[in-house]
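Let's take a walk through this chain, strand by strand and loop by loop. Keep the viewer open as you read.

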Amino acid sequence: PLSNSPVNCNFIRKRRTQKAGEIVIGYSDPDLSLLFYWWMGQSASTVAGAQNRIKFRSSPVISSMKEIDDSDDVIDVFDVGEFDYSSNIPDECLACIFHFLSSGDRKSSSLVCRRWLRVEGQSRHRLSLNAQSELVAVVPVIFSRFDSVTKLALKCDRRSASIGDEALVLISLRCRNLTRLKLRSCRELTDAGMESFAKNCKGLKKLSCGSCAFGAKGMNAVLNNCSALEELSVKRLRGITDGAAAEPIGPGVAGGSLRVICLKELYNGQCFGPLIIGSKSLRTLKLFRCSGDWDKILEVIAEQVSELVEIHLERLQVSDTGLAAISKCSILEILHLVKTPECTNNGLKTVAENCKLLRKLHIDGWKTNRISDDGLIAVAKHCPNLQELVLIGVNPTCASLEKLATNCLNLERLALCGSETVGDPELSCIAAKCIALRKLCIKSCPVSDQGMEALASGCPNLVKVKVKKCRLVTSGSADWLRTTTRGSVAVNLDTPEPENPDASASDGGVPEVGNEIRQVAGQVRGVSIASSSTGRSNSFKARLGLTTGRNLVACTFRRWSSFGGSSSSSSRNN
């Protein structure tokens, strides 16, 4: 393969030594960039597997050869001139090329020569390390090479001892320009270690921590020192004291810069209330599975924070009182209500009447039937900018679907999952009325081939249809839909799968659906008959149960972004 390289190689020789085969290339072509790109195109596994080192020597005229002792580390086949054409490639250009390579290829490239090793290390800005306790011994060596890291991830296996305060302080002393830090299962970190880190890395912009053991003091230290912090994500922070004795968190100097706060699975997440209330520039608030009554806190948040455009609430104790508070966020554009059984049509109406800029609405009704046509008709009446609607465990009928299609002329993405009332008449209504619709997902609904035929003649802008676990839809109708004049429509049809009965609507939170459409993977069993009735048969109740499957919301819109069907107005924060 070497002889087929684009470089004019005058001689290639492979010599047997006590080590693995070592290859030396001599060439006279001054265009080293061609050699560089040829080298980059070689399989990293091939090079690594053969344990070869390649040494490049160049000269306008190649002179005599000399014998090399077997003890030499690298075979130097040629006696060449002193000038090395590789020096013509500036370090900045070399670093720019490295940025286009995968992590594995960058590692292979760094072994070519000492210069490439140095340039690759100095140009790497993102690093992920196994944060076991042994890491502390090699921190100086690692960060002497990678001295420009700005984004760092420290992840430890749950069964291993993690790094402690000493390692984190060493890292902070060598990475003072750090802007992003992710901590996972670093259970040996304490409040003192986080305080020292925060004082050394005051330019931190994003902090994400999960399953760590430090508490409120450590979090307050970050908020009091990192005035540029823009995004904070906290999951299962074990050091926060439960109950009334919990120390309040925030806002500190970070209150003026925070734009995104995400809290997940916290026993006493309400101790972050002062932080949320004091973050005057907050744009996105996500609360997932945090215990306690959130209605009162939401009321205070709505009064103090006026810039909120995105709110996610999942498995939270919040009622119509909390939704009434949210309705005061007049510029709200994205709202996710996932498994909040105390929220009803009345609360949704209040939000719709006051948040007229709403663009994306996700509702997982959890089969409680507390949100139905009345709430959806209010959304259709007051939110003409709606572009994306996801309904899971909600039972809309033609009455609400027709209003949505008529008034929301920008509705481009629609997902209906686990709805008993969405049958062929409803699908026909969607086909006839939703002119702007581009992507449609139907899951576990009693639709049949007849509804698919109606879909083929409507929705002129449709580019993708996904049908899952609709047992009355056959593969023949999908094939027929693909072969109609609407050849540009991608049809994804699958058969029912085994059910995972107990899981949350999203894994790690409700997804941001505006950027890409997630694949439906929720585990809700399909309906065996096509019906538009609002009634529910006992057999269907027995099969479905009250708990929808894992990732039912988190999966509605994923792989569809490749079709380029994004809305004309993108989210400010996505």
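**A walk along the strands**

Start with β12, α13 and β13, which together make a right-handed β-α-β unit. Right-handed here means that, with the strands pointing away from the viewer, the path from the first strand over the helix to the second runs clockwise. Helices (H or I, at least four residues) and strands (E, at least two) are DSSP runs, numbered from the N terminus.

Before going on, a word on what you're looking at: this is a predicted model, where local features need pLDDT of at least 70 and side-chain atom pairs count only at pLDDT 80 or more, while totals for chains, interfaces and linings use all residues. Residues are numbered from 1 along each chain as its sequence is written, and side-chain values use heavy atoms, with hydrogens and water left out.

Within that unit, β12 and β13 (residues 360-364) run parallel and share 5 bridges; two strands count as paired if DSSP finds at least two bridges between them. The chain gets from β11 to β12 through helix α12 (residues 320-326), in a β-α-β crossover that is right-handed.

How many of the residues of β12 are buried? It's 5 of the 5, so the strand is largely enclosed by the rest of the structure. (Buried means under 20% relative accessible area, exposed means over 50%, and partly exposed is in between, with a 1.4 Å probe and protein chains only.) I334, H336 and V338 point one way from the strand, L335 and L337 point the other way, and all are buried.

Phi of K339 is near 55 degrees, a positive value in a residue other than glycine. K339 is buried, with a relative accessible area of 1%. K339 also belongs to the lining of the second largest cavity, along with residues including L337, T340, P341, C343, D364 and W366. A cavity, on a 1 Å grid over the protein atoms alone, is a set of points where a 1.4 Å probe fits but cannot get out, and lining residues have an atom within 4 Å of a point. This one holds about 60 Å³ of space, and the structure has 5 cavities of 30 Å³ or more. For those volumes, grid points are joined across faces, edges and corners, and the volume is the space filled by probe spheres set on the points.

Another positive phi turns up at E265, about 50 degrees, and E265 is not a glycine either. E265 sits in the loop between β9 and α10 (273-278). Is E265 buried or partly exposed? It's partly exposed, with a relative accessible area of 24%. While you're in the loops, check the one between β8 (231-235) and β9 (260-264), which contains P251. The peptide bond from G250 to P251 is cis, with omega near 0 degrees.

Further along comes β16 (residues 439-443), where 5 of 5 residues are buried. Both faces are covered: K439, C441 and K443 on one side, L440 and I442 on the other. Strand β15 (residues 413-417) runs parallel to β16, with 5 bridges joining them. The chain passes from β15 through helix α16 (residues 424-433) to β16 in a right-handed β-α-β crossover. Across this pairing, L416 stands opposite I442. β16 also pairs with β17 (residues 464-468), parallel and over 5 bridges, and there K443 stands opposite K468. Helix α17 (residues 449-456) carries the chain from β16 to β17, and that β-α-β crossover is right-handed.

Have a look at helix α15 (residues 398-407) too, whose buried residues are S400, L401, L404 and A405. They're on the same side of α15 because they cover an arc of only 130 degrees around the axis, judged by the directions from the helix axis to the C-beta atoms. What covers them includes α14 (373-382), β14 (388-392) and α16.

Finally, zoom out. The chain has 19 helices and 18 strands, and 52% of its 574 residues count as buried. Taking contacts (heavy atoms within 4.5 Å) between residues at least 6 apart in sequence, 78% join residues at least 24 apart.

How values were computed. 1 Å grid on protein atoms, 1.4 Å probe; cavity = no way out; pocket = protein on both sides within 12 Å on 5 of 7 lines; lining within 4 Å.
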